[in-house]
Amino acid sequence: MRSVEEQQARVAAAAVAPRPVRVAIAESQGLMCAEEVVTERPMPGFDQAAIDGYAVRSVDVLSVGDGAGEISLPVMGSIEAGARTPSRLQPRQAARVQTGAPMPTLADAVLPLRWTDGGENRVRILRSVRSGAYVRRTGDDVQPGDVAVRAGTIIGPAQVGLLAAVGRDRVLVHPRPRLSVMCVGGELVDVSRTPGTGQVYDVNSYALAAAGRDAGAEVNRVGIISTDPRELRETVEGQVNRNEIVVIAGAVGGAAAESVRTVLSELGEMEVSRIAMHPGSVQGFGQLGRDRVPVFLLPANPVSALVVFEVMVRPLIRLSLGKRQPMRRVVQARTLAPISSVAGRTGYLRGQLMRDQDTGEYLVQALGGAPGASTHLLATLAEANCLVVIPSEVDEVRTGETVDVVFLAQRG
């Protein structure tokens, strides 16, 4: 039986980021930049007012407050943001300016409106101002030749704004890995149909596709596929040729799963083995097709399939996105009730994580982890906001003991 860590290392070694593509900056958020974005122009490109007020020469208002009496200056006009016509300030003059307006020649500071009487033809000065105050100088943010966004940076709102600020409408990024999700099982029907005797809804293709999107992949939900050898091979081969990751649920355990594995072995290396974890200990992983695309075989049970996806598939998606930390955040929490686990296997048990408002301590309530409880209830997984991780050498956790807890995506 292989350990969880050994299987995760085997999966991680197969991670390959898709080829970089150039996308509109509006579509780049959350993706990793694949180029050094070097600025060609200074930003801002001209001296501009940082606030609404009056552009002045600071030397003309230095004596305010020094006993020299009241100072007032004639207002030579108003300059709006976006003004294209150059203007020049004469000594002992002021110009009304809007935020972002180009500064007139000779002006070296902006007087905030609150430091004046707001006059239109002549303005009375209430305070002095130092040179450079409330002015954004040419190149204050970025100089020509500066790197605005570095390769390997995950593009967020600030990076999108900076790309726009330096005049880039497209950027080279590592795209989202394409993930194909399908499932096998003679008992399955799509949710658009009414199940007959012995039939159940296809839960896995919907749930796993959602998990893939949550992880950051571009998902193609194929749904239920035929187990006829010829049709199965054509379907899987087609998905392997156009995706970076393929997930097939229901392909471990039973005679149907055996026939699936036989067909897949014709396309490359595929191994089904027991991993020292629960739920979902029986799972498959291999690399198929000419590009050795990672392919996962997951259990038919939806809870087991989602747990295996979380532990094995999600980190691969995050690595393919270029994330330096592919695993979710782990915190330590004190248990509120006993938790049972399977000796010799790492347990991933759904739970509700809380925090004590007085002490800030994390507290966790296992859902389905009490002695004798089922580990296969999808409804309790939907209520969970974490997975409680129980080490393989532990089969019973007492109330009040500390355990590792993996944050799941926050709801709402």
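The side chains of Arg-398 and Glu-401 meet in a salt bridge, with N and O 3.0 Å apart; the term stands for a side-chain nitrogen of Lys or Arg within 4 Å of a carboxyl oxygen of Asp or Glu. Arg-398 is exposed at 57% relative accessibility, while Glu-401 is partly exposed at 27%. Here, buried means under 20% relative accessible area, exposed over 50%, and partly exposed in between, with a 1.4 Å probe and protein chains only. The model is a predicted one, in which local features need pLDDT of at least 70 and side-chain atom pairs count only at pLDDT 80 or more, whereas totals for chains, interfaces and linings use all residues. Residues are numbered from 1 along each chain as its sequence is written, and side-chain values use heavy atoms, with hydrogens and water left out.

Altogether, the structure holds 18 salt bridges. Side chains of opposite charge can pair when their charged atoms come close. Helices (H or I, at least four residues) and strands (E, at least two) are DSSP runs, numbered from the N terminus. Glu-35 is buried at 16% relative accessibility, and Arg-22 is partly exposed at 42%.

Another salt bridge joins Arg-328 to Glu-310, their closest N and O atoms being 2.6 Å apart. Arg-328 sits in the loop between helix 6 and strand 22 (330-335) and Glu-310 in helix 6, so parts 18 residues apart in sequence are tied together. Both partners are buried. Arg-328 and Glu-310 also belong, with Asp-214 and Arg-314, to a network of salt bridges. Arg-314 is placed in helix 6 and is buried, with 8% relative accessibility. Apart from neighbours within four places in sequence, Arg-314 is in contact (heavy atoms within 4.5 Å) with Asp-214, Ala-215, Phe-309, Pro-326 and Arg-328.

Helix 6 gives the largest share of the lining, four residues. The pocket lies between domain 1 (4-18 + 176-321) and domain 4 (330-407), because both give residues to its lining; the domain bounds come from an automatic or database domain assignment.

A few backbone details complete the picture. The peptide bond from His-278 to Pro-279 is cis, with omega near -5 degrees, and Pro-279 is found in the loop between strand 19 (277-278) and strand 20 (282-288). Leu-106, in the loop between strand 7 (94-97) and strand 8 (109-112), has a positive phi near 85 degrees although this residue is not a glycine.
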